[in-house]
Amino acid sequence: MIVGLRNERWTMTFFVVEHTHPLMEQPERVRYYRSHCKIPTEDYQLLLTLHDVNLSTSDCMGVLGRVHGGDTRILPYLKRDVSNERAKIWQAITFRDMDMTVKYFEGRKAENPEYFFAKQKYPATNSVTALLWVDGRTRLLYPNYKDCVFFDTTFCTNRYNMPFSPIVGVNNHLQTIALGCALLQDETTETFRWVFEQWMVAMDIEHPTNIMIDQDQSMATTIEQVFPNICHRCCKFHVFSNARSKLGR
């Protein structure tokens, strides 16, 4: 088929009938065409409800099929389409949850000026990539408990797969106390540097005496850059053993 613009109107100038294809004789296969594959508004609203109760994609397809007579083959969309829509829903929820989290921390800071909160943003999309917060009371106690600070990123159990990094100290009763918390997008040198620099802002640039970390090389490199004069990468077991021996335990 050849179409051309003539006298400001599109006109078909050539057409070969033999090259056209017959209509689909199996209606259930129409959904495989991209032009015909879509989730109707009513089904999408039901999918939102099924998604909220955390049903699997297979179970969602089963319920949607029952609504249309019990056979998923007559649905005008595929399981892949439902899975893709659920991924979009998760992404939208992620952005909304992050906005709510930021607003919560901003509210805490408005209520208490001593509360410290910092966020890192990705310039291209203006999306939040890391969070750091420190309680006001913790900032006051920090000078007394800065001798031994632990920083770990092994906690990653949230749905967004963001490493949770508590900054922990030890008081004079060998009890752990939280000196700050962070949610990170990744475990790169740039991200760790941002965390430590913001944490030092919260603690009035008062460096800890020792920092205990795991075997992460990016973290070790960052500490050498931000805290060049302190001890790091010590064995946690030896630190506690030495502390107990000094207390006569």
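Leaving aside its neighbours within four places in sequence, which residues is aspartate 43 in contact with? In this predicted model, the partners are Leu64, His68, Leu75 and Tyr77. Aspartate 43 lies in helix α1, which spans residues 41-52. The residue has a relative accessible area of 5%. It counts as buried because this value falls under 20%. Its side chain forms a polar contact with the side chain of tyrosine 77, at 2.6 Å.

The crossing of α1 and α2 is right-handed. From α1, the contact involves Asp43, Leu46, Leu47 and Leu50. These meet Cys60, Val63, Leu64 and Val67 of α2. By class, the residues of this contact comprise 7 nonpolar, no polar and 1 charged.

A further helix pair is formed by α5 (residues 189-202) and α6 (residues 217-226). Their axes are 9 Å apart, and the helices pack at an angle of about 45°. This angle makes α5 oblique to α6. The crossing of α5 and α6 is right-handed. On the α5 side, Thr189, Phe192, Arg193 and Phe196 make the contact. On the α6 side, the residues are Ser218, Met219, Thr222, Ile223, Gln225 and Val226. The contact of α5 with α6 divides into 5 nonpolar, 4 polar and 1 charged residues.

Notes: Residues are numbered from 1 along each chain as its sequence is written. This is a predicted model: local features need pLDDT of at least 70, side-chain atom pairs count only at pLDDT 80 or more; totals for chains, interfaces and linings use all residues. Side-chain values use heavy atoms; hydrogens and water are left out. Helices (H or I, at least four residues) and strands (E, at least two) are DSSP runs, numbered from the N terminus. Buried means under 20% relative accessible area, exposed over 50%, partly exposed in between (1.4 Å probe, protein chains only). A polar contact is a pair of N or O atoms within 3.5 Å; within protein, one must be able to donate a hydrogen and the other to accept it, and residues adjacent in sequence count only if both atoms are side-chain atoms. Contact means heavy atoms within 4.5 Å. A crossing is left-handed if the near helix is turned anticlockwise from the far one by less than a right angle, and right-handed if clockwise. Ala, Val, Leu, Ile, Met, Phe, Trp, Tyr, Cys and Pro count as nonpolar, Asp, Glu, Lys and Arg as charged, and the others, Gly among them, as polar. Axes are lines fitted to C-alpha atoms, for helices over the stretch in contact, and angles run from 0 to 180 degrees between N-to-C directions. Angles under 35 degrees count as roughly parallel, over 145 as roughly antiparallel, 65 to 115 as roughly perpendicular and the rest as oblique.
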